[in-house]
Amino acid sequence: MSLFGGIDAAASGLTAERLRMDVISNNIANANTTRTAEGGAFKRKYVVFEPRVESEPNFARILAGEILPPKDPVGKGVRATRIGTDDTPGTMVYDPGHPDANRDGYVEKPNINIVAEMVDMITASRGYEANVTVINAAKSMAQSALDIGKG
């Protein structure tokens, strides 16, 4: 993997982790939302990541010598493919005075566990920091390579 390939992979990680932190923040902000535009209590959201891959090389083109087979299986980074919804039911709380209570007096609360969301936020933050460290190390290596020519 080239120096710029490493920066590109780390930059994709920065983008993905930032989106993950945004989704987690939205979950925390809606931890008490019992009415949404779709109806019912807020449902927890999550981000689905996939590795970034270049288009699969065509075997016939490799045999014809038009393109070379991939030399290294090193990853090209990550991308967010979708934001999913956790459809597990929320807890039912007895609150007959609540405007969203059903006829039995129960209100469905969102299916959000604040502690789990905070743990996810910390791991996303650490992932973001790790990608920043990779970019800074690559910048330092590039600067050191340029300094070799100074004499």
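The legends below describe close-up views of a predicted model. Local features are given where pLDDT is at least 70 and side-chain atom pairs where pLDDT is 80 or more, whereas totals for chains, interfaces and linings use all residues. Residues are numbered from 1 along each chain as its sequence is written, and side-chain values use heavy atoms, with hydrogens and water left out.

**View 1. Salt bridge between Asp8 and Arg52.** A search of the whole structure finds seven salt bridges, a salt bridge being a side-chain nitrogen of Lys or Arg within 4 Å of a carboxyl oxygen of Asp or Glu. In the pair Asp8 and Arg52, the closest N and O atoms are 2.5 Å apart. This pair links distant parts of the chain, 44 residues apart, with Asp8 in helix α1 (residues 3–29) and Arg52 in the loop between β1 (45–51) and α2 (59–63); helices (H or I, at least four residues) and strands (E, at least two) are DSSP runs, numbered from the N terminus. Asp8 has a relative accessible area of 38% and is therefore partly exposed, as is Arg52 at 24% (buried means under 20% relative accessible area, exposed over 50%, and partly exposed in between, with a 1.4 Å probe and protein chains only).

**View 2. Salt bridge between Lys43 and Glu108.** The closest N and O atoms of Lys43 and Glu108 lie 3.1 Å apart. Here too the pair links distant parts of the chain, since Lys43 is in the loop between α1 and β1 and Glu108 is in strand β4 (residues 106–108), 65 residues apart. Glu108 counts as partly exposed because its relative accessibility is 24%.

**View 3. The network of salt bridges that links Arg44, Glu117 and Asp120.** Glu117 and Arg44 form a salt bridge in which the closest N and O atoms are 2.7 Å apart. Glu117 belongs to helix α3 and Arg44 to the loop between α1 and β1, 73 residues apart, and both of these residues are buried.

View 4. The Asn111 side chain reaches the backbone nitrogen of Arg44 at 2.8 Å and the backbone oxygen of Asp86 at 2.9 Å. With neighbours within four places in sequence left aside, the residues in contact with Asn111 (heavy atoms within 4.5 Å) include Phe42, Lys43, Thr88 and Pro89.

Definitions and conventions:
A polar contact is a pair of N or O atoms within 3.5 Å; within protein, one must be able to donate a hydrogen and the other to accept it, and residues adjacent in sequence count only if both atoms are side-chain atoms.
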